[in-house]
Amino acid sequence: MAHADKSAPSNPVAAFFKIEGTAIALVFALLVILFMLTAPRAFLGYRVYMSFMANVPPPMIIALGLTLVVVAGEMDLSFPSVVAFASYVFCILYQDYNWTWLALIAALATGTVMGFINGLVVTKLGIPSLIATLAMLFLWGGLLTVISNGASLAIPQIVGDPIQVVFAGRLGPLPVQFFWALGVAVLVWMILNRHRFGESLLFIGDSLKVAKVVGIPIEREKIKLFTLMGLLSAFAGVLLTLETTTYFAQAGMGYLLIVVAAVFIGGTSIFGGSGKIVGTVFGSLIVAIIEAGLVASGVAGFWTRFYIGLVFIVSVTMNAAIEDPDKVPLLKDLRARVKRY
Amino acid sequence: MSSQATSNQATPSTPIVRLENVGKQYGKVVSLKNVTLEIGSNEIVGLIGDNGAGKSTLIKVLTGVEPPSSGTLYVRGQKIDAASYTVKEAHKLRIETVYQDSSLGEKQPLWRNFFVGRPLTNRLGFIDVKAEKRVADQIMRSTIGFRGVGISVDTPVSRLSGGERQGVAIGRAMHFDSDLIVLDEPTVALALKEVQKVLDFIRSIKAGGRSCIYIEHNIHHVHEVCDRLVVMDRGEVALDAPTSSMTYIELTDFLMSLHSRRPAAGASH
Ligand SMILES: Nc1ncnc2c1ncn2[C@@H]1O[C@H](COP(=O)(O)OP(=O)(O)OP(=O)(O)O)[C@@H](O)[C@H]1O
Ligand SMILES: [Mg+2]
């Protein structure tokens, strides 16, 4: 029995669910079918999917970055402020100086520097990242309010500009940003599973002591990690701005909880040392489709969070059960009982 | 014999490593006091001493895991800058270590554990997973001799037994084949047959013209394979002598005399 565990699962169904992301993709498919039944008018048409594909990329890109952070056993809660900051930098440079591509570069650079500073605060001051980045969420957010004077910006004239077409245009009916998000997903998957940086993150999250004795430069890799997270958050901020053609200070705040939820719904463990990129992609889709689907089904808005919570619990439990049913005490009990009788 | 030396300054007479008056303190705990020690080329040195004598600490300082609090370290005659000395640097200087505590990532598959820290990558840093798995598989079959039921290169370390883990760590050290191989209690979790394999490995280190530091509580094994014995006692080197100068009985008598001096030292506080 113990030895059977070590070999590849012989059961084809079990083998199927061991493939990264299949289970969570199934949850997503079930939700789509469910909404087709409860809101056929919306979900049998294509429009709801188009607006969905237009809105999901920013939180998905942030969630992809956050997955890497969680793999390393760290947390980053500062991204809403980075999103807003990048959005502001882009908007103001476009509005006041008519910069487009340079504004993009400036916005990405701003996020990268903010991420780098987050990394320094975590590693050099030795503050646990959950706390450090929570502080940075306030700090960056406060700084932005001061700089922007609390104002909001609108840049509707950017529609049709090449930069808007490239990042938020439509390929036929399909929102381009969705392909950017998928591109980021592929890249992040490659980094985590095929690049030496990803391997460093896996071992750092697994055990700092082991990472140290195998010669991983822990501090440097962590700084790189938070820097990358800053860059991705900034990119998300720019995509958001190009889609909505506005900047407002609370722009990123709405993402805070859903991004964290998307990572864990996707099956990445909070204990670090492993991460599921495909899971995060579907986790982001699930969170977004629940929001869209419940509204279309006529469920009162405040039920949305209730259902996200419900799907959250179910998904996380399911992820644990697929890895090892004995990890879920309830299932372990049930299995033991079934065997006894 | 000198053909093994990869460093240009090294001549057969320069020791591979030399510690000079090295001290190490953890807060108020003094783990090493003024340790001066040389490991020559093609030498198997047995490092013995009580629990807590400072053997593992010495190894950690030597291999870049912990910086020394005082003293100097030389590798092939070259002074090492303590501030920039890391495990990575030690690997580059061809020093390989099997640490006493696990140095394997529990959740990671075996193949990653073999190559972590120095993966086979292309110029962009992407890992050649196929090549790593193939080599890891070879190491598992030939060197460690895993006939383990259902263990493959994809098995995570958390599913291995203590001895199997030790085997992976030793297999890794054997693969990277350095000039100095440090083994900190490598036989602890091993069955009799596997212990013989480790002893054979140490003999092959000698035969291959390389050096080894072998930490072991089983005095019999140490006496059997080592050229030189270094006994540590409460952070200091209490004895440093060729194995041929002492019989097994004399050695155990010496170690017992250290034990009997210990309560007296404790009482003087
Ligand atoms: N990280 C640490 N922090 C504080 N004290 C430490 C640390 N590591 C080791 N020590 C202390 O240093 C002393 C030497 O420890 P060390 O691990 O070198 O002993 P050892 O000779 O390897 O013993 P053993 O044979 O049991 O492995 C011990 O008293 C130990 O408590
Ligand atoms: Mg020890």
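This is a predicted model: local features need pLDDT of at least 70, side-chain atom pairs count only at pLDDT 80 or more; totals for chains, interfaces and linings use all residues.
Residues are numbered from 1 along each chain as its sequence is written, and chains are lettered from A in the order in which they are written. Local features need pLDDT of at least 70, side-chain atom pairs count only at pLDDT 80 or more, whereas totals for chains, interfaces and linings use all residues, and side-chain values use heavy atoms, with hydrogens and water left out.

In chain A, helix 16 (residues 277-296) and helix 17 pack at an angle of about 145°, their axes lying 10 Å apart, where helices are DSSP runs (H or I) of at least four residues and strands are runs (E) of at least two, and where axes are lines fitted to C-alpha atoms over the stretch in contact, with angles from 0 to 180 degrees between N-to-C directions. Among the residues that meet are I286(A) and L294(A) in helix 16 and W303(A) and Y307(A) in helix 17, contact being heavy atoms within 4.5 Å. Y307(A) lies in helix 17 (residues 303-323).

Over all chains, the structure holds 23 salt bridges, each defined as a side-chain nitrogen of Lys or Arg within 4 Å of a carboxyl oxygen of Asp or Glu. One of them joins E243(A) and R170(A) at 3.2 Å, N to O; because E243(A) lies in helix 14 (residues 218-244) and R170(A) in strand 2 (residues 170-171), this pair ties together parts 73 residues apart in sequence. Within helix 14, E221(A) and K224(A) are 3 residues apart, about one helical turn, and their closest N and O atoms are 2.9 Å apart in a salt bridge.
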